[in-house]
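Visitor: I'm new to this one. Can you put it up and walk me through a few spots?
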Amino acid sequence: MLCLTWGMRTEPGGFQSLWAFDVDNHAAFTEAAAGALTVLSELPGFAEGHVLHNVDEHPRYVVATRWVDVGSFRRALSSPRAKLEVWPFLAAMRDEPSAFETLVYAIPGTVEAFPSSATGA
């Protein structure tokens, strides 16, 4: 199970990607992840990104990104630059679900629910 805490509120329709990796070389991975996040951060709709390391299973890392909406995410990954500079990095990602929308947001004193934008939800 994966749980993330973001630095700011996600608006309705907010979208997150969580890319999981099993890593042998920490330094090479973090450098490659920083490069991918640099590319993505320059594209419209990108809100923030993090490289996370599992403290219990040391080879496991997650690259988490937040976008204003799913369309921005899809357009970003379809861009020519992402195809050249991000997709090779993503080729090593674990084969598991990686795209999520925010349905409930909570901070101390506030809990907000949002409708799903996913078809069939």
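Visitor: What does a side-chain oxygen of aspartate 69 reach at the start of helix 2?
Guide: The backbone nitrogen of glycine 71, to within 3.3 Å. Helices here are DSSP runs of H or I, at least four residues, numbered from the N terminus; strands are E runs of at least two. This is a predicted model: local features need pLDDT of at least 70, side-chain atom pairs pLDDT 80 or more, while totals for chains, interfaces and linings use all residues. Residues are numbered from 1 along each chain as its sequence is written, and side-chain values use heavy atoms, without hydrogens and water.

Visitor: Which residues of helix 2 are buried?
Guide: Ser72, Phe73, Ala76 and Leu77, in a helix that spans residues 70-78. They sit on the same side of helix 2, because they cover an arc of only 125° around the axis. That arc is taken from the directions from the helix axis to the C-beta atoms. Buried means under 20% relative accessible area, exposed over 50%, partly exposed in between (1.4 Å probe, protein chains only).

Visitor: And which ones are exposed on the other side?
Guide: Arg74 and Arg75.

Visitor: What do the buried residues of helix 2 pack against?
Guide: Several elements, including strand 1 (15-22), helix 1 (26-41) and strand 3 (60-67). Contact means heavy atoms within 4.5 Å.

Visitor: New topic. Where is leucine 52?
Guide: In strand 2, residues 46-53. Leucine 52 counts as partly exposed, at 29% relative accessibility.

Visitor: How far is leucine 52 from tryptophan 19 in space?
Guide: 10.0 Å, C-alpha to C-alpha. In sequence they are 33 residues apart.

Visitor: Last one: where is valine 104?
Guide: In strand 5, residues 104-107. Valine 104 is exposed, with 56% relative accessible area.

Methods: A polar contact is a pair of N or O atoms within 3.5 Å; within protein, one must be able to donate a hydrogen and the other to accept it, and residues adjacent in sequence count only if both atoms are side-chain atoms.
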